[in-house]
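Work through these exercises with the structure open beside you. Try each task before you read its solution.

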Amino acid sequence: MVRSKKKLSKLMNRVRQLLFALLVVFIVIQFMQPARNESGQAVQPDISNTYNIPDTIYALFKNACFDCHSNNTNYPWYSKIQPMGWFIERDIENGKAKLNFSELGSLSTRRQMSKLQEVENRINDGTMPLPSYKLMHHNARLTKEERKLLVGWIEETKDSIMLKRTIKQIQ
Amino acid sequence: MKRFVVLLAVTVICLYTSNEVSLAQHKHHETKSTSKNDSSRAQSDKKGSAIDKTSADSTSAPRVTDAKAAASIKDIVGRYLDLKNALANDKTKEAAIAGTALEGAFKQFDKKDLTASQKKVYEDVEDDAGEHAEHIGANAGNIEHQREHFDMLSKDMYDLVTALGSGQLLYKDYCPMYNNKKGAIWLSEKKEITNPYYGKKMLTCGSVKEEIK
């Protein structure tokens, strides 16, 4: 009996040590904050300067897409707690590499068309915004009507880009 | 207690190094995206011995590697047609392989024989088409996503072959159903229709719109 009690207290000691170690690690990683994706102002090639975009459409894009696909992320409070902040950082980095609404206008019209088409496809098949993102962001859950609005705007914008391109070619 | 201190030290070191690695990767990515020249310079700097090679290349006449690596418009069209046939046969893995090969052909294409206007078209198409080819290569197993990019790629390819020629007879085919019935085109080497957008489901659906010589 005495022996097993000794064993138990030894085990408890170990567990206590481990928990303490985890706590220290948790505290230490809080000091490793990734750089923030916040440029402040809208740059020249931003989607709002490149196309004719109504406020309602812009607001939809902002709520559903801009956190990962622009130079300005609206960070949630838990982004300051690691490792959550790291996961968020990874999503933003991947997102911006594929599509950045803040710099869309710096691409050739051909690539703008492709990017817009891809946005339309992702909205249509519902794979974007990501489910994990929608879980935490109510505003990013687009309704059927909102999706229709966005797709309609993209179609219009693509048409106007094509028109401009044809006019340029004729001239 | 000793053990605990060691454990803590190891974890902290691990975390720091993993952080640094990801930072380094990020920086590498940045240089890559700023300019191709920069990244190749950085690479040759690292290797050291490669510096002589590149500087010699720029001064002396035709590079030895060029003769082997240079791709022609025939290679680009050939890889595109491989891709088209893979999609028409519903073969997503073969499509991915052809996509990667097509991306490579774009990278290795030699622009020196192009006229000024052809060069302009090529350079406009290159980035876009290369990105679509890359996505198709990276999405084995997701044939619908590959087809989406094939749709956009085909528009690029049409512009490319009408400006540069292709050295072979091609047909511009049209599928009225794809893209929510907005339609999509593709290029084919044969007159009979094999629809790359739907594969077996609607293999012969579509029509020839144009012959490109």
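## Start after a helix

Just after H5(B), Asp90(B) takes a positive phi of about 60°. This is a predicted model, in which local features need pLDDT of at least 70, side-chain atom pairs count only at pLDDT 80 or more, and totals for chains, interfaces and linings use all residues. Residues are numbered from 1 along each chain as its sequence is written, while chains are lettered from A and ligands numbered from 1 in the order in which they are written. Helices (H or I, at least four residues) and strands (E, at least two) are DSSP runs, numbered from the N terminus.

## Exercise 1: a helix and its surroundings

Describe the span of helix H5 of chain B, then find what its buried residues pack against.

Step 1. Take the length. H5(B) covers residues 73–88, which is 16 residues. The expected span is 1.5 Å times one less than the number of residues. From first C-alpha to last, H5(B) reaches 22 Å, close to the 22 Å expected.

Step 2. Check burial. A residue is buried if 20 or more other C-beta atoms lie within 10 Å of its own, exposed if 12 or fewer, and partly exposed in between; C-beta atoms are placed from the backbone. Twelve of the 16 residues of H5(B) are buried, so the helix is largely enclosed by the rest of the structure. Among them are Ile73(B), Gly78(B), Arg79(B) and Lys84(B).

Step 3. Find the packing partners. The buried residues of H5(B) pack against helices H6 (92–108), H7 (116–138) and H8 (143–164) and strand S2 (184–188) of chain B.

## Exercise 2: two helices cross

Work out how H5(B) and H8(B) are oriented to each other.

Step 1. The axes of H5(B) and H8(B) come within 11 Å and cross at roughly 150°.

Step 2. Classify the angle. Under 35 degrees counts as roughly parallel, over 145 as roughly antiparallel, 65 to 115 as roughly perpendicular and the rest as oblique. H5(B) and H8(B) are therefore roughly antiparallel.

Step 3. List contacts (C-beta atoms, placed from the backbone, within 7 Å). Residues of H5(B) including Val77(B) and Tyr80(B) meet residues of H8(B) including Phe150(B) and Met157(B).

## Exercise 3: a sheet of strands

In what order do the three strands of the chain B sheet lie?

Step 1. Set the order. The open sheet runs S2-S1-S3, with antiparallel pairing. S2(B) and S3(B) (207–212) stand at the edges, each with a single partner strand, so one side of each has no neighbour in the sheet. The twist averages 25° from one strand to the next.

Step 2. Count the bridges. Two strands pair if DSSP finds at least two bridges between them. S1(B) (residues 170–175) pairs with S3(B) over five bridges, and S1(B) pairs with S2(B) over five bridges.

Step 3. Tyr171(B) has Glu211(B) as its bridge partner in S3(B). Tyr174(B) has Ser207(B). Asp173(B) stands opposite Trp186(B) in S2(B).

Step 4. H8(B) lies across S1, S2 and S3 of chain B, at about 55° to S2(B).

## Exercise 4: a loop residue in chain A

Is Leu104(A) buried or exposed?

Step 1. Locate Leu104(A). The residue sits in the loop between helix H5 (84–98) and helix H6 (109–125) of chain A.

Step 2. Count. Leu104(A) has 22 other C-beta atoms within 10 Å, so Leu104(A) is buried.

Methods. Contact = placed C-beta atoms within 7 Å. Axes fitted to C-alpha atoms, helices over the stretch in contact; angles between N-to-C directions.
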